[in-house]
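Here are my notes on the model, point by point. Please read them with the coordinates open.

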Amino acid sequence: MAVPTQVKLDARRLRADFPIFGEQIHSKPLAYLDSASSAQKPRQVLDAMREFYETSYANVHRGVYTLAVRSDERYEAARETARGFVNASSPREIIFTRGATEGLNLVAYAWGLANLGPGDVVLVTELDHHSNFVPWQFIAQRTGAAFRVLPIDDAGELQLDALDEMSASGTVKVVACNFVSNTLGTINPVERLAGWAHDQGAILVVDAAQAAPHVVVDVQALGCDFLALSSHKLCGPTGAGVLWGRRELLEAMPPFNLGGSMIRSVSAAKTTWNELPYKFEAGTPAIGEVVGMAEAMSYISAAGLDAIARHEHELLEHALDRLSEVPGITLYGPSPERRAGIVSFNLDGIHPHDVAQVLDWEGVAVRAGHHCTQPLMTKLGVAATTRASFYVYSIPEEVDRLVAGLHKVKRSLG
Ligand code: 7TS
């Protein structure tokens with residue numbers, strides 16, 4: 001039997017699709033190592049949005065004229081692309097949002113306020129981004145539910161052994177976790193968490209903001225109940241995202257935003273809700289951005305998510321190898337095979353903001369800060385880290401420039 005050959009990602013060819021790499025930063029070529037914050041945009045996405053606005057734009061779900069019908073078709077075709085991207089069983093389960101943060105707030109407010117109360121437990125993890133931590137903390141306080149945080153071990157992996165202890169203080173009703181940690185890159189065992197959550201009678205809410213750009217996200221295989229992602233992290237425009245939810249849960253829960261398009265009928269006595277997914281899409285949506293997001297999903301699907309994951313893994317191994325040569329560096333996170341293309345580190349005695357500033361003079365863009373994961377920073381015993389993150393267009397030379405830049409940081413500030 002022929003052994004299938006794994007297609008290798010041609011990052012240099014893809015890089016040519018991204019106009020931003022024509023920019024010089026402080027007279028140097030751009031080394032963009034901040035894709036975990038937001039990914040750069042290929043010409044294909046920019047062109048698709050321009051072409052849509054130039055030929056097919058009108059508001060959606062209200063007009064009968066030709067242009068309005070064209071716009072409706074493009075918007076609903078994008079929903080079908082998004083459905084395929086996360087392997088949902090129906091486009092009715094695909095809610096367009098403004099991004100992962102809005103999707104997670106939607107679930108916390110709409111599902112949480114209707115289903116949580118005293119005696120219930122809301123469980124998040126120490127790895128979660130604030131956008132999947134703070135809404136649940138807030139809704140737990142509002143409803144009288146207990147709020148618990150699943151700890152991580154020293155390697156940055158969730159301590160699954162502690163799960164049963166978490167259910168001691170009440171009935172676990174919701175487990176919220178990210179699929180990939182934005183700070184450490186840890187890939188979390190979502191299927192196992194789904195199994196445990198369902199054994200408790202709880203739902204699992206997955207924040208896939210950091211996973212969707214880098215690994216295959218299959219909501220049916222994961223066994224989760226809700227999953228949120230952002231367009232801008234997968235080479236699409238800002239201001240768009242997807243919330244996927246199980247149909248029966250979406251049907252049963254009340255709406256989040258209220259207003260136009262999400263109603264069936266309105267009177268002073270009674271208002272009823274539109275069918276899925278429109279019940280959750282109040283007001284004029286981000287139509288052009290949704291069209292751009294669908295193009296981005298097609299772009300990265302064509303590059304191949306498995307090939308992207310392998311490419312990032314190679315860069316990560318190269319980065320961990322080269323970074324470990326830098327004296328006084330502390331690297332955070334699990335072993336390379338357990339994480340996506342993200343590396344967080346600190347240099348002894350030098351603040352991450354100073355590290356990022358000196359790197360910028362070298363044309364190297366990294367993020368410094370708490371990365372919206374303050375509970376994780378507390379666990380690591382630091383206020384901030386410097387973080388480098390990779391994507392389809394990242395090349396080993398950028399890692400080498402990061403390492404050379406860090407030697408310069410040490411010479412000027414160490
Ligand atoms: N969840 C995770 C895991 C994230 O990494 C982010 C953004 C969000 C949610 C929020 O996504 P948004 O599109 O709604 O803003 N993370 C980062 C980051 O790591 N650096 O800048 C933004």
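1. Start with strand 7 and strand 8. Strand 7 covers residues 171–178 and strand 8 covers residues 203–207. The two run parallel and are joined by 5 bridges. Within this pair, A176 stands opposite V205 of strand 8. Bear in mind that this is a predicted model.

2. Now the sheet around that pair. It is an open sheet of 7 strands, in the order 4-10-9-8-7-5-6. The pairing is mixed. Strand 4 (94–97) and strand 6 (146–150) stand at the edges. Each has a single partner strand, so one side of each is left without a neighbour in the sheet. From one strand to the next, the twist averages 20°.

3. Which residues have the most contacts inside the largest nonpolar core? They are L204 and L227, in a core of 79 residues. Helix 10 supplies the largest share of this core, with 10 residues. A second, separate core has 29 residues, L106, W111, V122 and L250 among them.

4. L204 deserves a look of its own. Leaving aside residues up to four places away in sequence, L204 touches V175, C177, V190, L193, A194, A197, C224, D225 and F226. Two of the cysteines in that list, C177 and C224, come back in the next point.

5. How many disulfides does a search of the whole structure find? The count is 0. Take C177 as a test case. The closest cysteine sulfur to that of C177 belongs to C224, at 8.8 Å, which is too far for a bond. The cut-off for a disulfide is sulfur atoms within 2.5 Å. C177 is also buried, at 0% relative accessibility. C235 likewise counts as buried, at 0% relative accessibility.

6. The partners of strand 14 can be checked directly. Strand 13 (residues 329–332) runs antiparallel to strand 14, with 4 bridges joining them. There, I329 has L347 as its bridge partner. Strand 17 (residues 385–389) also pairs with strand 14 in the antiparallel sense, over 4 bridges. In that pairing, I342 has S389 as its bridge partner.

7. Backbone points to inspect. A cis peptide bond joins L276 and P277, with omega about 0°. P277 sits in the loop between strand 12 (271–273) and helix 10 (287–303).

8. Positive phi values, part one. H26 is a residue other than glycine, yet its phi is near 50°. H26 lies in the loop between strand 1 (24–25) and strand 2 (28–29). H26 is partly exposed, with a relative accessible area of 44%.

9. Positive phi values, part two. C372, again a residue other than glycine, has phi near 55°. C372 is in the loop between strand 16 (367–369) and helix 13 (374–380). Its relative accessible area is 24%, which makes C372 partly exposed.

Technical notes:
Residues are numbered from 1 along each chain as its sequence is written. This is a predicted model: local features need pLDDT of at least 70, side-chain atom pairs count only at pLDDT 80 or more; totals for chains, interfaces and linings use all residues. Side-chain values use heavy atoms; hydrogens and water are left out. Two strands pair if DSSP finds at least two bridges between them. Axes are lines fitted to C-alpha atoms, for helices over the stretch in contact, and angles run from 0 to 180 degrees between N-to-C directions. Buried means under 20% relative accessible area, exposed over 50%, partly exposed in between (1.4 Å probe, protein chains only). A nonpolar core is a set of buried Ala, Val, Leu, Ile, Met, Phe, Trp, Tyr and Cys residues joined through side-chain atoms within 4.5 Å. Contact means heavy atoms within 4.5 Å.
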